[in-house]
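Please find below a short note on this structure.

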Amino acid sequence: MPSFTHSLNIIGRCTQMQRSAGLKKLGICGGQVPYLLRLCRCPGLTQEELAKALYFNKSTVTRQIAALEKQGLVRREPSREDRRCQLVYPTEQALEIIPLVRELVRGWNDYLLADMTADERDQLQALMERVSQRARDFIDREVGWDG
């Protein structure tokens, strides 16, 4: 039987490629999409909160936020409660393009699921959420955020 995670990895890589191609004219790469979506939904997160929410390591988040800041899509401000922490906010430019980003994501999901019935889509979503939750639980319990 083929590996379930191999299939997930293929889907993930194809998704990154599709996003990068679709957003090329905006100067955004596929790997930046999760950051923009999360920050537009939850502005003012710290980089650590962003790392935990997206399940990326801290150094990856730091690099991506620096790139997004250089592109004028996010800005960092020191936290009033803890000056050592920087809060990350989307800029007006990011808020202007986020509908295009969401449409690209929605279109890709629709494309991938086009051959499925509504019941199959619901079943797949429920199963994927169960698998995703197990993966998150393992990382939270066994690996942690310093490893």
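**Notes on the predicted model**

1. In this predicted model, α1 supplies the largest share of the lining of the largest pocket, namely eleven residues. The space in this pocket amounts to about 1,700 Å³. Its lining comprises 34 residues, of which L8, I11, R19, M128 and S132 are the closest to the centre. Two or more lining residues come from each of α1 (4-23), α2 (33-41), α3 (47-54), α5 (92-113) and α6 (118-143). By class, 18 residues of the lining are nonpolar, nine are polar and seven are charged.

2. Helix α3 has Q47, L50, A51 and L54 as buried residues. These four lie on the same side of α3, because they cover an arc of only 100° around the axis. The elements that cover them include α2, β1 (45-46), α4 (58-70), β2 (74-78) and β3 (86-90). Just after α3, Y55 adopts a positive phi of about 60°.

3. Two aromatic pairs are found in the whole structure. In one of them, the ring centres of Y35 and F56 are 5.2 Å apart and the planes are at 15°, so the pair is stacked. Y35 belongs to helix α2 and F56 to the loop between α3 and α4, so the pair ties together parts 21 residues apart in sequence. Y35 is buried, at 1% relative accessible area, whereas F56 is partly exposed, at 28%.

4. The rings of W108 and Y111 are also stacked, with centres 5.7 Å apart and planes at 15°. Both residues lie in helix α5, three residues apart, and are therefore separated by about one helical turn. W108 is buried, with a relative accessible area of 15%, while Y111 is exposed, with 60%.

Technical notes
Residues numbered from 1 in each chain as written. Predicted model: local features only at pLDDT ≥ 70, side-chain atom pairs only at ≥ 80, totals over all residues. Heavy atoms only, no water. 1 Å grid on protein atoms, 1.4 Å probe; cavity = no way out; pocket = protein on both sides within 12 Å on 5 of 7 lines; lining within 4 Å. Points joined across faces, edges and corners; volume = space filled by probe spheres on them. Nonpolar A, V, L, I, M, F, W, Y, C, P; charged D, E, K, R; others polar. Buried < 20%, exposed > 50% of the residue type's maximum accessible area, 1.4 Å probe, protein only. Arc of directions from axis to C-beta. Contact = heavy atoms within 4.5 Å. Phe/Tyr/Trp six-rings, centres within 6.5 Å; stacked < 30°, edge-to-face > 60°.
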